[in-house]
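Please open the model in your viewer and keep the selection tool at hand.

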Amino acid sequence: MEIKNRQLEIIKILQNEKMPISGGKLALMFHVTRQVIVKDISILKAEGYEIISTNKGYKLNDKEKITFIIKSTHDDSRIKEELNTIVDGGGRIVDVFVNHKTYGTIRKDLDIKSRNGVDSFLKSIDQATPLKNLTENIHYHTVEVNTYEDKKIIEERLRNKGFLID
């Protein structure tokens, strides 16, 4: 299944909202019907996002960790720098994925939590082509942190280094 831009935006909205947000409100924001939002939520749940449906709307599961998606771009020489920036900020890199025009969403679980994990990953792709090369260097990471402050720090550092695409 392919995660579309609207679905990525829904995840971002849910990540930034403390309270549930209704399907009707999301539908108004995206100028679509509530049924389209219901389908988007179903697709996101199938992709592994822990979205809870309440009588007041949708929200992400409030486990101890905060999960968010970054959209990034860089050439191959900066893979290590990008990943180290995330783990140095206290983040766990859950996965990497791309939205390919023909093949849809292509995802690889990573589970990288440290610089040692980054080094091991880089060794494993030494002779391979990174996923980002399939989509002109544009790729996404799901990142997990302990606090919203950690999230802000990581995003700021990535933005300052020119990795983030807003």
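A residue is called buried if its relative accessible area is under 20%, exposed if over 50%, and partly exposed in between (1.4 Å probe, protein chains only). The model is predicted, so local features need pLDDT of at least 70 and side-chain atom pairs count only at pLDDT 80 or more, while totals for chains, interfaces and linings use all residues. Residues are numbered from 1 along each chain as its sequence is written, and side-chain values use heavy atoms, with hydrogens and water left out.

Select phenylalanine 97 and tyrosine 140 to begin; both are buried. Rings of Phe, Tyr and Trp (its six-membered ring) pair if their centres lie within 6.5 Å, and planes under 30 degrees apart count as stacked, over 60 as edge-to-face and the rest as tilted. This rule gives 1 aromatic pair. The ring centres of phenylalanine 97 and tyrosine 140 are 5.0 Å apart and their planes stand at 10°, so the pair is stacked. The pair links distant parts of the chain, 43 residues apart: phenylalanine 97 belongs to strand β4 (residues 92-100) and tyrosine 140 to strand β6 (residues 138-145). Strands (E, at least two residues) and helices (H or I, at least four) are DSSP runs, numbered from the N terminus.

A charge sits over a ring if NZ of Lys or CZ of Arg is within 6 Å of the ring centre and within 35 degrees of the ring normal. Then select lysine 151: its charged end sits over the ring of phenylalanine 68, 5.3 Å from the centre.

Finally, select helix α2 (residues 23-30), whose buried residues are Gly23, Leu26 and Ala27.
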